[in-house]
Amino acid sequence: MPKPTFFNLNEGKRQILIGAAKKEFSRVSLYEASISNILKSAGIPRGSFYQYFEDKEDAFFYLLNEHTQERHEKFLNNLKTYNGDIFEAVTEIFHHTLNRSHTEGQNNFIKNVLLNMNYKIEKAFTKFLSKEELSKRYDEVYELVDWKSLNITNENQLYHVMQILSAVTFHNLVHSVSNQLSIEDAVSKYKLEINLLKTGLSKK
């Protein structure tokens with residue numbers, strides 16, 4: 001978590017620092033990233049960086065958490081747009097995230113995150129579908145979901161549905177980026193798997 005001094009920066013200086021950090025974490029993985037490169041891009045002395053962040057990992061996870069929060073807001077908007085259809089909502093998240101990984105060129109933070117994944121990064125990346133995050137906005141999420149379209153009856157079951165969808169979505173994002181699939185092929189594969197979940201794997 002950034003230090004209070006980071007949030008006290010004026011918007012212009014904060015965006016310059018964010019942009020410099022994102023540029024470096026788009027170039028290489030977190031563990032290969034250089035604070036010196038961030039300082040050079042931001043035009044600030046080393047001491048200033050440590051006034052804002054504990055270390056480079058602190059800066060990295062701030063960026064990742066901001067992205068995760070953005071996807072959570074988009075997920076809620078998707079539920080509204082698709083009348084509570086949870087499958088359409090996550091499919092749109094998949095397509096949006098994948099599209100960003102193809103269109104942001106060299107300054108591609110999300111693509112680099114997906115290509116350099118570990119457990120801690122995965123947990124932060126998928127946090128918006130966690131039980132803790134869903135609980136924080138219980139009324140908003142659970143009132144938006146179209147319960148009539150799902151073969152479940154309670155909050156706990158919905159949480160597990162979200163975990164399954166999160167796992168499928170995350171796996172497909174990593175697979176698509178690491179194997180350099182076209183957006184068309186990636187979306188086709190993802191929709192096939194989502195449809196299998198929707199219809200079920202066992203005959204009645």
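This is a predicted model: local features need pLDDT of at least 70, side-chain atom pairs count only at pLDDT 80 or more; totals for chains, interfaces and linings use all residues.
1. **Annotated region.** An unreviewed UniProt entry carries the annotation "domain: HTH tetR-type" for residues 11–71. In the model this span is 79% helix and 0% strand. Its end C-alpha atoms lie 22 Å apart. Helix α2 covers residues 11–27.

2. **Nonpolar core.** The largest nonpolar core has 57 residues. Phe25, Phe60 and Leu64 touch the most other members. Helix α5 gives the largest share of this core, nine residues. As a general point, nonpolar side chains in soluble globular proteins tend to be buried together.

3. **Leu64.** What does Leu64 touch, leaving aside residues up to four places away in sequence? The contacts are Phe109, Val113, Ile121, Ala124 and Phe125. Helix α7 spans 109–115, and helix α8 spans 119–125.

4. **Helix α6, length.** This helix runs over residues 86–103 and has 18 residues. From first C-alpha to last it reaches 26 Å. That is close to the 26 Å expected at 1.5 Å a residue. At its start, a side-chain oxygen of Asp85 comes to within 3.0 Å of the backbone nitrogen of Phe87.

5. **Helix α6, burial.** The buried residues include Ile86, Phe87, Ala89, Val90, Ile93, Phe94 and Leu98. Thr91, Thr97, Arg100 and Ser101 are buried in α6 as well.

6. The whole structure holds five salt bridges. One of them joins Glu11 and Arg14, with the closest N and O atoms 2.4 Å apart. Another joins Arg27 and Glu24, at 2.9 Å from N to O. Glu11 and Arg14 are three residues apart in α2, about one turn of the helix. Arg27 and Glu24 are also three residues apart in α2. An α-helix has 3.6 residues a turn, so residues three or four places apart point the same way.

7. Is Arg14 buried or exposed? Arg14 is buried, because its relative accessibility is 16% and the cut-off for burial is under 20%.

8. **Lys148 and Asp146.** These two residues form a salt bridge, with the closest N and O atoms 3.6 Å apart. Lys148 counts as exposed because its relative accessibility is 79%. Asp146 counts as partly exposed, at 22% relative accessibility.

9. **Thr126.** This residue sits in the loop between α8 (119–125) and α9 (131–136). Thr126 counts as buried because its relative accessibility is 18%. Where does the side chain of Thr126 reach? It reaches the backbone oxygen of Glu122, at 2.9 Å. Leaving aside residues up to four places away in sequence, Thr126 touches Arg71, Ser166 and Phe170.

Notes
Residues are numbered from 1 along each chain as its sequence is written. Side-chain values use heavy atoms; hydrogens and water are left out. Helices (H or I, at least four residues) and strands (E, at least two) are DSSP runs, numbered from the N terminus. Buried means under 20% relative accessible area, exposed over 50%, partly exposed in between (1.4 Å probe, protein chains only). A polar contact is a pair of N or O atoms within 3.5 Å; within protein, one must be able to donate a hydrogen and the other to accept it, and residues adjacent in sequence count only if both atoms are side-chain atoms. Contact means heavy atoms within 4.5 Å. The expected span of a helix is 1.5 Å times one less than its number of residues. A salt bridge is a side-chain nitrogen of Lys or Arg within 4 Å of a carboxyl oxygen of Asp or Glu. A nonpolar core is a set of buried Ala, Val, Leu, Ile, Met, Phe, Trp, Tyr and Cys residues joined through side-chain atoms within 4.5 Å. UniProt positions are given in the numbering used here, feature names are shortened, and annotations may be inferred rather than shown by experiment.
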